[in-house]
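User: I am new to this structure and would like to learn how to read its features one at a time. Please show it to me and then guide me through it.

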Amino acid sequence: MDRTNKRLSEFKLSTEIVDGFHRLKDQYFTVPFGLLRFHKRSHNDPWQQYMMRSSSPGILNNDFYDYQISVAKDTTLGLETQAYQRIYTMHDGGKAEQEVQINVEENGFLHFIPHPLVPHRNSNYEAKNTIHLKESSKLIWGEVITCGRKEHGEIFEFKKLLTHTEIFVEDQLIFNDKVLFEPAKLDVNSMGQLEGYTHQATLFYYNKGADLEALYDMLLEFTEGEDNVEYGMSTTLLDAAVFRLVGQSGEQLYKIIKKIEAKILKAEIEQY
């Protein structure tokens, strides 16, 4: 991605173990980013969980967000965002970009499901996520894309939204997901697109040897009784699970995949 003449904002984080204690090794961020710890469970807390704060109301024209996250061997890291990620209106030719690079070492575990993306009218946004795992790593990764400010009547009035996620295990590509919406060029309601739905969620889970049938049962459990939602689960090479949901509400889809995340984490904590 080209950073030339962009307004660069950086967020860098890495973990380590010192004398048996899990902690952050390095943390570096520039405006508008910040970091807040919460959910501390013990002095030897294996479940480090942080909120990524931002002083900006959202992603603005010419922004370039650069995230670099490294989860060391045998450490865990959970990340949350503070609010919906708004992508603000841009002038003709305007654009904002985001690049995320993540490494999770042996027996490391990262879970991160940001709040839904909300692209405002005339916004143009591209994101590239590259995640490298080891065979023994674990990862929960999620994404929710909305049609825009639906309650304000802005439904697919943005110019372009592209998210491209590549996930590697031992340098082998197991997941390559490119989601592109350009409403002026392609009808999002056509067959093979969203077909009348306005929101989409993706949840990726990798854990070697995970019980895929139990994961599918979770999807059934947390979508039961939910109106206007369709869903499915598929698997990748090396049996990672990919949940895909479509619906009419970002909040609804976000809560469903967060419930799945919470149930997976509960099982992980009980085994720790």
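**Reading the model**

Analyst: Let us start with Leu162, which sits in strand E13 (residues 160–169). Helices (H or I, at least four residues) and strands (E, at least two) are DSSP runs, numbered from the N terminus. This is a predicted model, in which local features need pLDDT of at least 70 and side-chain atom pairs count only at pLDDT 80 or more, while totals for chains, interfaces and linings use all residues. Residues are numbered from 1 along each chain as its sequence is written, and side-chain values use heavy atoms, with hydrogens and water left out.

User: Is Leu162 buried or exposed?

Analyst: Buried means under 20% relative accessible area, exposed over 50%, and partly exposed in between (1.4 Å probe, protein chains only). Leu162 has a relative accessible area of 14% and is therefore buried.

User: Which residues is Leu162 in contact with, leaving aside its neighbours within four places in sequence?

Analyst: Contact means heavy atoms within 4.5 Å. Under that condition, Leu162 meets Tyr125, Glu126, Ala127, Lys178, Val179 and Leu180. Separation in sequence and in space can also be read together: His152 is ten residues from Leu162 in sequence, and their C-alpha atoms are 23 Å apart.

User: How should I read aromatic pairs, and how many does the count come to?

Analyst: Rings of Phe, Tyr and Trp (its six-membered ring) pair if their centres lie within 6.5 Å; planes under 30 degrees apart count as stacked, over 60 as edge-to-face and the rest as tilted. By this rule there are ten aromatic pairs. One of them joins Phe33 and Tyr65 edge-to-face, at 4.9 Å centre to centre and with 70 degrees between the planes. This pair links distant parts of the chain, since Phe33 belongs to strand E3 (residues 33–37) and Tyr65 to strand E5 (residues 63–71), 32 residues apart. Both Phe33 and Tyr65 are buried. They also belong to one aromatic cluster, together with Phe11, Phe29 and Tyr67.

User: Which residues does a cis peptide bond join?

Analyst: As a general point, most residues other than glycine have a negative phi, and most peptide bonds are trans. Here a cis bond connects Val31 to Pro32, with omega at about 15 degrees. Pro32 lies in the loop between strand E2 (21–29) and E3.

User: What does Ser56 touch, not counting residues up to four places away in sequence?

Analyst: Ser56 touches Pro32 and Tyr65 on that count. Its own place is the loop between strand E4 (48–54) and E5. Ser56 and Pro32 are 24 residues apart in sequence, yet their C-alpha atoms are 5.7 Å apart in space. Ala83 is in the loop between strand E6 (76–81) and strand E7 (85–87), and at 38% relative accessibility it counts as partly exposed.

User: Where does Asn122 lie, and what is its phi?

Analyst: Asn122 is in the loop between strand E10 (117–119) and strand E11 (124–133). Although it is not a glycine, Asn122 has a positive phi of about 65 degrees. Its relative accessible area is 32%, so Asn122 is partly exposed. Asn228 also has a positive phi, of about 55 degrees, and is not a glycine. Asn228 occupies the loop between H1 and strand E16 (230–235), and with 53% relative accessibility it is exposed.

User: At what angle do the axes of helix H1 and helix H2 cross?

Analyst: Axes are lines fitted to C-alpha atoms, for helices over the stretch in contact, and angles run from 0 to 180 degrees between N-to-C directions. The axes of H1 (residues 212–223) and H2 (residues 250–271) come within 10 Å and cross at roughly 135 degrees. Angles under 35 degrees count as roughly parallel, over 145 as roughly antiparallel, 65 to 115 as roughly perpendicular and the rest as oblique. H1 and H2 are therefore oblique to each other.

User: Which residues make the contact?

Analyst: From H1 come Leu215, Met218, Leu219, Glu221, Phe222 and Thr223, and from H2 come Ile256, Lys259, Ile260, Lys263 and Ile264.

User: Where does Lys266 lie, and is it buried or exposed?

Analyst: Lys266 lies in helix H2 and counts as exposed at 53% relative accessibility. Its C-alpha atom is 27 Å from that of Asp26, which is 240 residues away along the chain.
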